[in-house]
Amino acid sequence: MRLSARALPGLLPRLVPRSLPRKLATCAALALALVLVSIMKRDAIVRAAPPLAGAYAAIGLPVNLNGLQWRDVKTRVVVESAQRVLAVEGEIRNMRDHARPVPDIELSLRDNDGREVYRWSTPAPKANLNQNETIQFRARLASPPDTARAVRVHFAEAEPASR
């Protein structure tokens, strides 16, 4: 069967039902709404399903459930009384518009392969931070392992009891 250019306009309505464009538009609108909700409510989604935090971070939308931010974290090794001491310093900032409790600070030392070789924790310098408040923190470790090559600083999983 050979189709002429005049036959195409009459054939198209028979091939594509009239309701298909509306159904496609409805599906597209629902998909867009789902994407928008999953972006706008990502804190609640990650709170319910923590493994999704990695997926959000992978697409450039990291989720910060505790509302606290690490800033200007620096490490250095100093010698005091003939002993090596690892000093870790930086800032903690409350990014929320209300006061937030500050969990304990956990630090871990990693070797060249990224394996943890030592871990310790220290209380935060202040139990709560007010809106947009920033505080300095310091942590020290005498005689760090020789195999340590990197420091990871993060908050303890559970929020601390009142201090």
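The following legends describe close-up views of a predicted model.

In this predicted model, local features require pLDDT of at least 70 and side-chain atom pairs count only at pLDDT 80 or more, while totals for chains, interfaces and linings use all residues. Residues are numbered from 1 along each chain as its sequence is written, and side-chain values use heavy atoms, with hydrogens and water left out.

**View 1. Overview of the chain, which holds 4 helices and 8 strands.** Helices (H or I, at least four residues) and strands (E, at least two) are DSSP runs, numbered from the N terminus. The order of elements from the N terminus is α-α-α-α-β-β-β-β-β-β-β-β. Of the 163 residues in the chain, 23% are buried; buried denotes under 20% relative accessible area, exposed over 50%, and partly exposed the range in between (1.4 Å probe, protein chains only). Among contacts with a separation of 6 or more, 62% involve residues 24 or more positions apart, a contact being heavy atoms within 4.5 Å. The chain exposes about 11400 Å², of which carbon and sulfur atoms supply 56%; accessible areas come from the Shrake-Rupley method with a 1.4 Å probe, and for residues only the protein chains shown count as cover.

**View 2. The open sheet with strand order S1-S2-S7.** This sheet has 3 strands with antiparallel pairing, where two strands pair if DSSP finds at least two bridges between them. Its edge strands are S1 and strand S7 (134-142), each of which pairs on one side only. Direction ignored, neighbouring strands are turned by 15 degrees against each other on average; axes are lines fitted to C-alpha atoms, for helices over the stretch in contact, and angles run from 0 to 180 degrees between N-to-C directions.

**View 3. The hairpin of S1 and S2.** Strand S1 (residues 68-80) pairs with S2 in the antiparallel sense over 11 bridges. Within this pairing, Trp70 stands opposite Ile92 in S2, and Arg76 has Ala87 of S2 as its bridge partner. The hairpin has 2 residues between its strands, and Ser81 in the turn has a positive phi of about 50 degrees.

View 4. Asn94 is buried, with a relative accessible area of 0%. A polar atom of the Asn94 side chain lies 2.9 Å from the backbone nitrogen of Arg96, and the side chain of Asn94 also reaches the backbone oxygen of Leu129 at 3.1 Å. A polar contact is a pair of N or O atoms within 3.5 Å; within protein, one must be able to donate a hydrogen and the other to accept it, and residues adjacent in sequence count only if both atoms are side-chain atoms. Leaving aside neighbours within four places in sequence, the residues in contact with Asn94 include Gly67, Leu68, Ala99, Arg100 and Leu129.

**View 5. The open sheet with strand order S5-S4-S8.** The 3 strands of this sheet pair in antiparallel fashion. Strand S5 (116-122) and strand S8 (150-155) are the edge strands, each pairing on one side only. From one strand to the next, the twist averages 20 degrees. Strand S4 (residues 105-110) is joined to S5 by 6 bridges, and the bridge partner of Leu107 in S5 is Trp120.

View 6. Thr122 is buried, with a relative accessible area of 18%. Beyond its neighbours within four places in sequence, Thr122 is in contact with Asp104, Ile105, Leu107 and Ala139.
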